[in-house]
Amino acid sequence: RESDHRAWTPVTYTVTRQNATIQGLIQGKAYFFRIAAENIIGMGPFTETTKEILIRDPITVPDRPEDLEVKAVTKNSVTLTWNPPKYNGGSDITMYVLESRLIGKDKFHKVTKEKMLDRKFTVEGLKEGDTYEYRVSACNIVGQGKPSFCTKPITCKDEIAPPTLDLDFRDKLIVRVGEAFSLTGRYSGKPAPKVTWLKDDIVVKEDDRIKIQTTPATLCLGVLKSVREDTGRYCVTVENSTGSRKGFCQVNVVDRPSPPVGPVIFDEVFKDHMVVSWKPPLDDGGSEITNYIIEKKDTHKDLWMPVTSATVKTTCKIPKLLEGREYQIRIYAENLYGISDPLISDEMKAKDRFRVPDAPEQPIIKDVTKDSAVVVWNKPYDGGKPITNYIVEKKETMATRWVKATKDPIFPGTKFKVPDLLEGCQYEFRVSAENEIGVGDPSPPSKPVFARDPIAKPSPPINPEAVDKTKNSVDLSWQPPRHDGNGKIIGYLIEYQKVGEEEWKQANLTPDSCPETNYKVTGLTEGLTYKFRVKAVNAAGESDPAHVPDPVEVKDRLEPPELILDANMAREQHIKAGDTLRLSAVIKGVPFPKVTWKKEDHEVSPKADIEVTGVGSKLEIRNAVHEDGGIYSLTVENPAGLKTVSVKVVVLDKPGPPRNLNVSDVRSDSCYLTWMEPEDDGGSVITNYVVERKDVASAQWVAISSSSKKRSHMAKYLMEGTQYLFRVAAENQYGRGPYVETLKPIKAIDPLHPPGPPKNLHHVDVDKTEVSLVWNRPDRDGGAEITGYLVEYQEDGADEWTKFQTVPMLDCVVTGL
């Protein structure tokens with residue numbers, strides 16, 4: 001029930017737990033509550049709350065204030081601002097508590113004792129150079145909330161401010177030539193910024209016309225009596241340790257244009273009008289040309305007459321002329337700021353000048369090949385009308401009739417490649433010009449030329465070098481030139497020069513005496529040093545010389561032997577039996593070394609062919625057999641040294657015969673064969689053994705194993721009592737080697753052993769000179785029927801047994817005792 005009402009209102013009748021949530025209460029009102037328990041008999045008494053309960057949200061301390069910022073710092077004060085917390089805890093903020101901590105100390109201390117509600121505060125009386133951090137808390141009626149996040153450490157010192165720049169001028173400024181202009185503005189910053197003026201990225205320097213004034217707060221660039229060259233992009237930079245600011249202005253100093261560029265060209269001349277053209281001024285004064293002013297003057301008069309002032313084109317028709325009179329034309333350029341000085345033409349007579357073009361001068365013939373030639377000519381006078389076509393004609397020198405080189409028009413070029421010439425024929429060419437009036441006279445004929453590919457001098461030979469020398473000669477070698485000039489190389493000229501002299505001497509007088517790319521220069525003086533050069537020669541003449549790079553001292557050469565091994569002289573050389581063994585190497589050395597081949601330090605086989613040339617040596621053995629394998633060595637020796645190389649040669653062949661074939665464990669139906677591997681495996685791994693047998697009475701061998709890798713075999717399925725021979729051969733990848741055979745036949749019978757001892761030997765009667773003995777058969781007969789029993793006796797104490805006799809039965813009477 002509400003505290004000011006007496007009536008109770010039921011909330012729920014179905015609560016079975018010991019708690020309940022009451023909905024629909026009015027905030028700000030006070031209520032009493034009561035509760036009773038109920039069972040099937042009925043409801044018990046109520047229990048009531050002792051005091052009224054006011055309905056409102058719970059109040060907490062405020063959240064932490066936000067955005068604590070440092071706004072200003074001096075050497076003895078810090079100014080801070082902050083924003084209220086997002087949530088005030090359900091009660092109005094009553095004050096803020098600002099705290100500071102000196103860096104290095106542990107505790108925060110209140111900055112002010114007064115009650116503070118403003119969200120801005122300046123902490124004063126600080127010590128310069130000290131560093132503090134700050135935090136702020138909010139308070140409401142409940143208490144003081146969490147502090148805000150701390151500021152960064154703040155050191156007390158005079159603050160620095162980035163530059164500011166406030167300009168009085170716009171991005172663009174137009175100034176008339178001769179006028180003054182200034183660029184001004186204001187700036188600030190701590191520490192005081194440096195001010196720099198640039199024009200087109202170049203520092204502006206003061207002179208008689210340009211003045212720069214800078215105060216602690218203002219800046220100014222002034223230009224007196226501006227000229228066109230003052231046009232440009234001006235930039236002012238204000239910069240201190242915290243940053244920089246820039247301002248820009250495009251200044252355009254404008255003037256009247258410079259005169260149009262001559263000469264005035266008379267494009268067309270007639271008896272009553274002319275057409276002239278010119279080029280625009282080099283300097284338009286910084287403003288677009290708006291028009292040209294054209295005037296004419298009869299040379300007999302002093303009066304200039306206007307033609308037009310409304311054209312912007314650089315061409316103009318001059319009308320109303322008197323035939324036969326001479327005229328001059330003058331032209332002005334005009335822009336927004338004035339009119340230029342004039343351009344004045346030469347004198348020109350007004351008259352018609354139309355006729356066919358003049359004859360061109362004699363044409364020049366270039367780039368002749370076997371089937372074409374290029375004809376080149378100069379443009380003739382066009383007769384007053386533009387030339388529209390050229391006509392090129394050709395004829396063989398001995399012929400009389402000229403033939404057009406092409407039916408197609410030739411224009412505007414003044415050269416033409418004439419095709420379809422016959423190789424070896426001599427030709428002349430001439431040219432005529434044509435305009436709308438007609439075709440002019442032809443030019444004089446060109447000089448006769450033969451239709452054949454041109455021959456030029458060849459390029460120099462390539463890579464000349466001295467390849468050998470003696471005490472009075474040097475051997476030179478080179479490669480042909482890259483370009484033969486389209487002519488066959490006749491030969492080469494070789495020249496030499498003593499080092500220190502200027503004169504080059506010829507080693508051969510004519511090129512055909514050296515048609516090859518090598519030459520031996522003889523007759524030189526021992527001990528002197530020479531330079532050499534070579535020229536290639538064709539029908540067109542000699543090439544530029546190609547020089548041997550280094551001077552050569554003439555003396556006998558001594559070079560130690562050098563071996564350049566061929567691929568077949570690698571460390572190990574494998575060949576098949578029956579193939580040809582080839583070993584070879586390139587040999588160098590001066591004088592040429594002595595060559596020695598050996599095998600295992602002995603002379604090589606007589607069947608080996610050994611060849612020695614001036615550049616190398618070769619050893620060859622045809623139909624090589626396994627015995628030709630071994631270590632071969634090649635030794636080369638001259639007075640300058642000795643060099644030896646070796647190669648292991650393996651001749652791959654079938655293996656040799658297996659060794660020590662042995663038969664054991666002979667039975668009536670089997671026997672066991674063993675053997676050892678061949679002494680020689682043929683240079684290749686033994687892959688398997690082949691085992692065969694043969695009945696002594698048969699001529700045919702029968703294979704009993706052909707893939708065994710073991711060195712033993714159990715020969716099974718023998719016929720008892722039959723005599724057999726066995727043989728074994730080894731195989732590798734190159735084939736089957738020879739067989740090894742058993743020395744004597746093997747009979748297939750079980751082996752015989754001595755019988756076992758008789759059993760239960762005892763005497764049955766004794767007399768003074770004899771003893772009667774009996775015994776039983778032994779347990780084993782040794783594989784054959786027992787033929788008899790040997791009886792022996794021994795006198796007690798003696799060492800020897802004495803044989804008595806052999807008896808067939810199981811008893812015996814020993815007599816003579």
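Two strands count as paired if DSSP finds at least two bridges between them. In this predicted model, strands β51 and β52 (residues 616-621) are joined by four bridges and run antiparallel.

- An open sheet is formed by four strands, in the order β46-β48-β52-β51, with antiparallel pairing.
- At the edges of this sheet lie β46 (559-565) and β51 (609-612), each of which pairs on one side only.
- On average, and ignoring direction, neighbouring strands of the sheet are turned by 20 degrees against each other.
- Ile610 has Leu619, in β52, as its bridge partner.

**Annotated Ig-like spans**
- In an unreviewed entry, UniProt carries the annotation "domain: Ig-like" for residues 163-252 and 561-646.
- Residues 163-252 are 64% strand and 0% helix, and the C-alpha atoms at the two ends of this span are 28 Å apart.
- Residues 561-646 are 62% strand and 0% helix, with the end C-alpha atoms 16 Å apart.

**The largest pocket**
- The largest pocket holds about 1000 Å³ of space.
- Its lining comprises 31 residues, and those nearest the centre of the pocket are Pro10, Val11, Thr12, Arg34 and Ile35.
- By residue class, the lining of the largest pocket consists of 17 nonpolar, nine polar and five charged residues.

Conventions: Residues are numbered from 1 along each chain as its sequence is written. This is a predicted model: local features need pLDDT of at least 70, side-chain atom pairs count only at pLDDT 80 or more; totals for chains, interfaces and linings use all residues. Side-chain values use heavy atoms; hydrogens and water are left out. Axes are lines fitted to C-alpha atoms, for helices over the stretch in contact, and angles run from 0 to 180 degrees between N-to-C directions. On a 1 Å grid over the protein atoms alone, a cavity is a set of points where a 1.4 Å probe fits but cannot get out, and a pocket is an open set with protein on both sides within 12 Å along at least five of seven lines; lining residues have an atom within 4 Å of a point. Grid points are joined across faces, edges and corners, and a volume is the space filled by probe spheres set on the points. Ala, Val, Leu, Ile, Met, Phe, Trp, Tyr, Cys and Pro count as nonpolar, Asp, Glu, Lys and Arg as charged, and the others, Gly among them, as polar. UniProt positions are given in the numbering used here, feature names are shortened, and annotations may be inferred rather than shown by experiment.
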